[in-house]
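Open the model in your viewer and keep the selection panel at hand.

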Amino acid sequence: MEEKQKQISPFLVFFLVHAVQMGVGVLGFQRTIMKSAGNDAWMAVIAAGILINVIIMVMYLLLNKQQKDLIDIHKDLFGKWIGGFFSLIWIIYWLMIGLVVLRSYIEIVQVWVFPLINIIMFSIIILILVYSTVTGGFRIVTGISFLGVVIPFYIFLTFFFPIEYANFRNLLPIWNHSVQELSVATKDMMLGYLGFSTLLMYYPYIKNPKKSQKWAHLGNVLTLGIYLFILIITIAFFSEKQVGKQIWATLSMWKIVELPFIERIEYIGITSWILIILPNICLAVWAGSKGIQKIFNLNHKKVILFILIILLCSTAVIQGREDIEKINQYISLLGLVLVFIYIPLLTILAFLITKIRKGKASNG
Amino acid sequence: MSAWRRRRRQSKGIEKENDKNKDESIESLFQQLNASNDFTHFTFQYEKCSLVIGYYSTLIDSEILHRDVFPFLKDLDVISSLPTLLPIEEVILTSDTSVIKNNLLKGYILLFDVNNMDQVGLVKSDVDRTRQVSLPEVEFSVVGPKESFVESLDTNINLVRKRLPIPEFVIKELTVGRLSKTRISVLYIEGIANKENVNTVIQRLSNLDFDQITDSSIITQLIQDNQNSPFPQLIDTERPDRIASAVGEGKVAILVDGAPHGLIGPTTIFEFFSAFEDYYLNWVVASFFRLVRFFAVLFSILATPIYVAVLTYHFELIPKDMVATLVTSRSAIPLPPILEAFVLELAIELLREAGARLPTKVGQTIGIVGGIVIGTASVEAGLTSNVLLIIVALAALASFTTPVYQMGNTIRLIRFPFLLMAHYMGFLGVAISFCYLLIHLLKLTSLGRPFLEPFYPPRVQDFKDSLVRLPFSLQSKRPIQEQTQDTMRFKAGKAKKNDDPKRS
């Protein structure tokens, strides 16, 4: 457990879990899941959300028992070297989440706002923001997560405008897709929920961590609610074929919003989205840097700087839609494996090993 | 036996040397003091003794000297009877030269007998040449008390203590400044204020090593948590009622001798946007005013940058009906929006600066002449559009609504980075600057307490007196921000209870 001054109240976990799940995915998740599940895609959103909730429960089982973060659990169970290796995989996974969020956001800016934007300059500016947040410590990261959820919330009000043109009969007929199609959609939906596993790193920073479990679940439920809300409006607003052509269906919906003093609300949306992705990147970088710092015993600030330089280089290397799609696929695969296979296994293993050790200790 | 004698002789020698030292030091002290022309000293021959009297003629009240000291001196036989002889309570008897020196410089009169230098007397007769307590000028309020601090520490403490007549209200005094020897008082209420806060303030003040403390704003800059931040982290106020209520809330106040402003900490950013008058108005009205002020701040920071961003990059955003207005006002202007905005913003800053430096009456004239003439002329000359003129003038006006002067300056300053970023990246630039501002505010602390509270860390209870001011019956608890020892201000139930007789 960390010092009391660095710790946060348990209910802030709500914002941490929610902030890291909400990323660029919200702007264009509809196409991927409606490809297989069509107008029943909303079931996939709910199913994915419930599955994630189960995993959060498993994570709390593990963490409440161990009372330390993932790096220490690994070290404890597998020793320095193998444990360190497993930890590194997680760190790379978190950093990739940060990378993909940053790069996709830059892509959206490129496509929708500034076609000729200097990618490197823009990433440098955002990474400076990330640096000044992450070096401030975990309390500041939590703060920006909190503000990143609360301040841009007005954006979701703008989604009521498309309802005027929505046709909710599009939702019918319900259950006209097979379970197989739905499960494929659920798998695709998982990408939108990933990132909550950073909980494994910040668990020791929570005051009364056991009380925070319900907040983590609620945070996830809020994410589910937002995805569901947007998806239902999308299904009602677009026809299935139209959605297939929209990479960013959410942004396209904004186009019809018209206010007396402003038009093209998507500019405001994309601009405000910076406050939504910032906590996302910050939390990912924080988790990654904290992990590296713990494994190799280095200076935290230097680690952060190192990570940010790597992120900067990677954003420059990734070119175009195909690369981003590919990375998205890798990440969702890696995420699925880590979250749905690795975490339950680790939990069972941890239980067994601690039991065996206890038995040995009492015998000897 | 012989050893004992030797030791005794030695000790006598030391005593003699000590005496010599004392004589010399008084002599050398006189020499040092004589270097200044306003130091006066003379010798009086009385029957029983010959008295030397010395003082700084500029520091003492000659009336006291003539009325309360001289007439009584002829009855004096030894210095030690001074306190009983004179009608003045503050008489010090000492032989320590450093005490003598310090008190002479505080306005004491030095008295000693030439034949008996063992003890000298110091009689207080200082004169306090400060102005009278007057109306608050910076934080004027229509309703409520109209006293404000002056430059004398004792008067200021008196103004506060009158409002808190309880023995728990404690004042700790320190002296800071190698040259100025400024008296600084730390005010708090024992049993309410958090000990940690009090200790932080006292520790930071006593750790200070600085030559001259001429005002409380120097103290703010020296002891605030982040000295490189443009945001002040201690509230600066000239109202004794504000200090008294802050101390009652569990905060720590600092008063500096010679400064007509006191300091309050720990604070939050929202307190900088609350005028003390808010507490004297009905809570609905007060909350409305606070929201207006908060909106004004946001407008003041964001309006011009948004104008620049929209006209440089995002003209698609302008609705059809508004296009005509903007196009006609901008069509003849040769400058890009950023330069246009900069010219006007700088003009406003110039006006403000000129107005601040000039005497009041001339300043007003300059304001009118500058505002009207320069504004209209630059629009007619085609240098700026009149839409921008309106925006910039409104933004400047909005920045003046901030009740705390120091914060108003900050608001005007941080507009410029926003402008530059708006020019560089449009809306994204504005959003990035805004994020940076948020992160900076998140990192700031005031005496170690979070500056953005109750927004972050979110504390619903403290919202009652931040962006809005809810009725007093809901304010029964002291803010969590101060981590007070006694959290209850009053009993909520009792305040609400109404014993009016029922009328039929």
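Two residues are in contact if their C-beta atoms, placed from the backbone, lie within 7 Å. Bear in mind that this is a predicted model.

**Stop 1: the contact between the chains.** Select both sides. Chain B brings 17 residues to the contact, and chain A brings 24 residues. Now colour the chain B side by residue class. It divides into 14 nonpolar residues, one polar and two charged.

**Stop 2: a sheet in chain B.** Select strands S1 to S5 of chain B. They form an open sheet of five strands in the order S1-S2-S4-S5-S3, with antiparallel pairing. Go to the edges. Strand S1 (39-45) and strand S3 (91-94) of chain B stand there, each with a single partner strand, so one side of each has no neighbour in the sheet. On average, neighbouring strands of this sheet are turned by 20° against each other, direction ignored.

**Stop 3: one strand pair.** Zoom in on S4 (residues 108-113) and S5 (residues 120-124) of chain B. These two strands run antiparallel and are joined by four bridges. Which residue of S5(B) is the bridge partner of Leu110(B)? Select Leu122(B) to see that partner.

**Stop 4**

**Stop 5: backbone exceptions.** Most residues other than glycine have a negative phi, and most peptide bonds are trans. The next selections depart from that pattern.

Start with the cis bonds:

- Gly265(B) to Pro266(B): this peptide bond is cis, with omega near -10°. Pro266(B) sits in the loop between strand S10 (262-265) and helix H9 (283-312) of chain B.
- Glu453(B) to Pro454(B): cis here too, with omega near 0°. Look for Pro454(B) in the loop between strand S12 (449-450) and helix H15 (492-496) of chain B.

Then turn to phi. Arg264(A) is not a glycine, yet its phi is positive, about 55°. Find Arg264(A) in the loop between helix H12 (249-254) and helix H13 (265-296) of chain A. Leu447(B) is not a glycine either, and its phi is positive at about 50°. Its loop runs between strand S11 (445-446) and S12 of chain B.

Is Leu447(B) buried or exposed? Leu447(B) is buried, because 22 other C-beta atoms lie within 10 Å and the cut-off is 20 or more. Arg264(A) has 18 within 10 Å, so it is partly exposed.

Note on methods:
Residues are numbered from 1 along each chain as its sequence is written. Chains are lettered from A and ligands numbered from 1 in the order in which they are written. This is a predicted model: local features need pLDDT of at least 70, side-chain atom pairs count only at pLDDT 80 or more; totals for chains, interfaces and linings use all residues. A residue is buried if 20 or more other C-beta atoms lie within 10 Å of its own, exposed if 12 or fewer, and partly exposed in between; C-beta atoms are placed from the backbone. Ala, Val, Leu, Ile, Met, Phe, Trp, Tyr, Cys and Pro count as nonpolar, Asp, Glu, Lys and Arg as charged, and the others, Gly among them, as polar. Two strands pair if DSSP finds at least two bridges between them. Axes are lines fitted to C-alpha atoms, for helices over the stretch in contact, and angles run from 0 to 180 degrees between N-to-C directions.
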